[in-house]
Amino acid sequence: MTVVSISMPDELADRIDEFADEHGYTGRSEVVREAARNLLGEFEDKRLEDRDLMAVVTVLFDYETTTVEEKMMHLRHENEDLVAANFHSHVGDHHCMELFILEGRLEDISTFVGKIRATKDTLTVDYSVTPVDEVGPFA
């Protein structure tokens with residue numbers, strides 16, 4: 001097995017250790033391996049390929065110490081064909097929430113979410129994906 005060294009804030013490492021202890025993992029590496037498998041498998045769902053999809057992506061960040069808001073604006077403009085709507089809101093005293101509504105194919109949505117996740121200083125990135133190609137009137 002290959003050994004990979006990663007950097008993370010002490011708080012996150014502590015949370016991973018606590019999670020491992022509480023859920024019976026053998027250690028931090030096992031938790032990180034499972035998380036990596038889950039992340040890589042998220043957009044590999046064959047049921048979503050070649051379908052029209054809608055995604056809701058929520059990003060939380062601290063607006064006082066980062067340039068995340070500017071990076072989100074650039075992503076939005078670079079992906080005008082994918083971003084159907086975008087909403088910005090202040091949350092608490094020091095945070096902002098950026099909400100994106102996306103319409104497109106799985107590959108494009110996955111790439112967009114990946115770019116957000118790769119943005120330094122985002123605190124959380126949550127999303128959901130829903131097929132819209134078979135949405136019809138209610139019976």
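Reader: What makes tyrosine 25 count as buried?

Author: Its relative accessibility is 19%, and buried means under 20% relative accessible area, with exposed over 50% and partly exposed in between (1.4 Å probe, protein chains only). Tyrosine 25 therefore counts as buried. A word on the source: this is a predicted model, where local features need pLDDT of at least 70 and side-chain atom pairs count only at pLDDT 80 or more, while totals for chains, interfaces and linings use all residues. Residues are numbered from 1 along each chain as its sequence is written, and side-chain values use heavy atoms, leaving out hydrogens and water.

Reader: Why is phenylalanine 19 called partly exposed?

Author: Because its relative accessibility is 34%, phenylalanine 19 counts as partly exposed.

Reader: How many aromatic pairs does the whole structure have, and why is the one between phenylalanine 19 and tyrosine 25 called tilted?

Author: The search finds 2 aromatic pairs. Rings of Phe, Tyr and Trp (its six-membered ring) pair if their centres lie within 6.5 Å; planes under 30 degrees apart are stacked, over 60 edge-to-face, and the rest tilted. Phenylalanine 19 and tyrosine 25 are 5.7 Å apart centre to centre, with 35 degrees between the planes, and form a tilted pair.

Reader: What makes the pair of phenylalanine 100 and phenylalanine 112 edge-to-face?

Author: The angle between their planes is 75 degrees, at 5.1 Å centre to centre, and that pair is edge-to-face. Phenylalanine 100 lies in strand β3 (residues 95-104) and phenylalanine 112 in helix α4 (residues 106-117), so the pair ties together parts 12 residues apart in sequence. Helices (H or I, at least four residues) and strands (E, at least two) are DSSP runs, numbered from the N terminus. Both phenylalanine 100 and phenylalanine 112 are buried.

Reader: How do you know that arginine 28 and aspartate 17 meet in a salt bridge?

Author: A salt bridge is a side-chain nitrogen of Lys or Arg within 4 Å of a carboxyl oxygen of Asp or Glu. For arginine 28 and aspartate 17 the N to O distance is 2.6 Å, and their side chains meet in a salt bridge. Arginine 28 lies in helix α2 (residues 28-41) and aspartate 17 in helix α1, so the pair ties together parts 11 residues apart in sequence.

Reader: Why is glutamate 22 called exposed?

Author: Glutamate 22, found in helix α1 (residues 10-23), counts as exposed because its relative accessibility is 62%.
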